[in-house]
Amino acid sequence: MPELPEVETIVRGLRRKAVGKRINRVTLLMSQILRCSDDDFVRTILGKTIKGIDRRGKFILIALSGGWSLLIHLKMTGQLKWIPQAQNHQKHTHVVFHLAQCPFQLHYCDIRRFGYLLLLKTDCMHDVPPLRDLGPEPLEMKEPEFVELLRNRKGRMKSLLLNQSFLAGLGNIYADESLWRARIHPLTQAHRISPRKARRLLGAIQAVLEEAIENKGSSVDDYRDVEGRKGKHQFCLRAYGRQGQACYYCGALIRRIVINSRSSHFCPRCQRKPG
Ligand SMILES: [Zn+2]
């Protein structure tokens, strides 16, 4: 699933290409991924100009003229593709945005179809679900704020980091990477994290995310940027997917366990099991 660095890479790529373009036609090939009727979708979006493209958590926010925003969540396998007009749409393409005076089109593709597109009024979109329910952005967070956020929180650290209402944007890859770097066992109870460890964890989260953005995301499965290019951060992972391989820090073998039906990768020596 694309996480914060992958979505940020897509947003940056698309922003350079699509802002200022006007949507003059929409082809809906599979409309179950919309959260409204086909007619409402097409009527709202037709003729609108793309004013800006941003990210919130794992959501792509496309601001349109007329006070509307298009929210896209890629979920497991969603992809946005910037494709030359002459090229036919591929299998699993569900929406094609045709742009005025532009030799390219924007395609929304999704093999497993868990992703969705949602239209909201821009002025109130942060006050209603799903954006309202998101926790803070990890890259904008300050240490005292994070220490406070962790105080009295219940649950295990790994599950908490995956909880989008706690912190927006982390998924399985970067939660494992951050815990490895902070040397915190994934099963540690959140309330047992000292302020010192909390600060270390925030530093680890921010460093991991920034490096992954720099590397344009991790293509461990089918993630690609808008031009179809793979990211490079899969070559820099230290814990995720490395079970049975030596820890880069201490040489012990990375282990994999399952927590709430999600796999967790950690070093049993660097990340000591709590109590
Ligand atoms: Zn280690």
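Into which domains is the protein chain divided? Hello everyone, let me start there. There is domain 1, covering 4–133, and domain 2, covering 138–266; these bounds come from an automatic or database domain assignment. Please keep in mind that this is a predicted model: local features need pLDDT of at least 70, side-chain atom pairs count only at pLDDT 80 or more, and totals for chains, interfaces and linings use all residues. Residues are numbered from 1 along each chain as its sequence is written.

First, the overall picture. The protein chain has 6 helices and 10 strands, where helices (H or I, at least four residues) and strands (E, at least two) are DSSP runs numbered from the N terminus. Its radius of gyration is 20 Å, close to the 19 Å that the globule rule gives for 275 residues, so the chain is as compact as a globular protein of that length. That radius is taken over C-alpha atoms, and the rule is 2.2 Å times the number of residues to the power 0.38. The C-alpha trace spans about 60 × 35 × 30 Å along its principal axes.

The contact takes 17 residues from domain 1 and 21 residues from domain 2, with two residues in contact if their C-beta atoms, placed from the backbone, lie within 7 Å. On the domain 1 side, α1 (4–18) and β5 (78–84) are the elements that give two or more residues, and α1 brings the largest share, 8 residues.

Let's stay with α1. This helix has 15 residues and reaches 20 Å from its first C-alpha to its last, close to the 21 Å expected at 1.5 Å a residue; the expected span is 1.5 Å times one less than the number of residues. Its buried residues include L4, V7, I10, V11 and L14. Buried here means 20 or more other C-beta atoms within 10 Å of a residue's own; exposed means 12 or fewer, and partly exposed is in between, with C-beta atoms placed from the backbone. Among the elements covering the buried residues of α1 are β2 (50–56), β3 (59–64), α5 (172–182) and α6. After α1 comes G20, with a positive phi near 95°.

What about α5? That helix is mostly covered, with 10 of its 11 residues buried. Just after α5, R183 takes a positive phi of about 60°.

Leaving out residues up to four places away in sequence, Y174 touches E3, L4, V208, L209 and A212. Together with I60, Y174 has the most contacts inside the largest nonpolar core, a set of 61 residues. Such a core is made of buried Ala, Val, Leu, Ile, Met, Phe, Trp, Tyr and Cys residues joined through C-beta atoms within 7 Å. Helix α6 (residues 195–214) gives the most to this core, 7 residues, and the core draws at least three residues from each domain.

Finally, some backbone details. The peptide bond from P129 to P130 is cis, with omega near 0°, and P130 is in the loop between β8 (116–121) and α3 (143–150). K216 is not a glycine, yet has a positive phi of about 60°. Is K216 buried or exposed? K216 is buried, with 21 other C-beta atoms within 10 Å.
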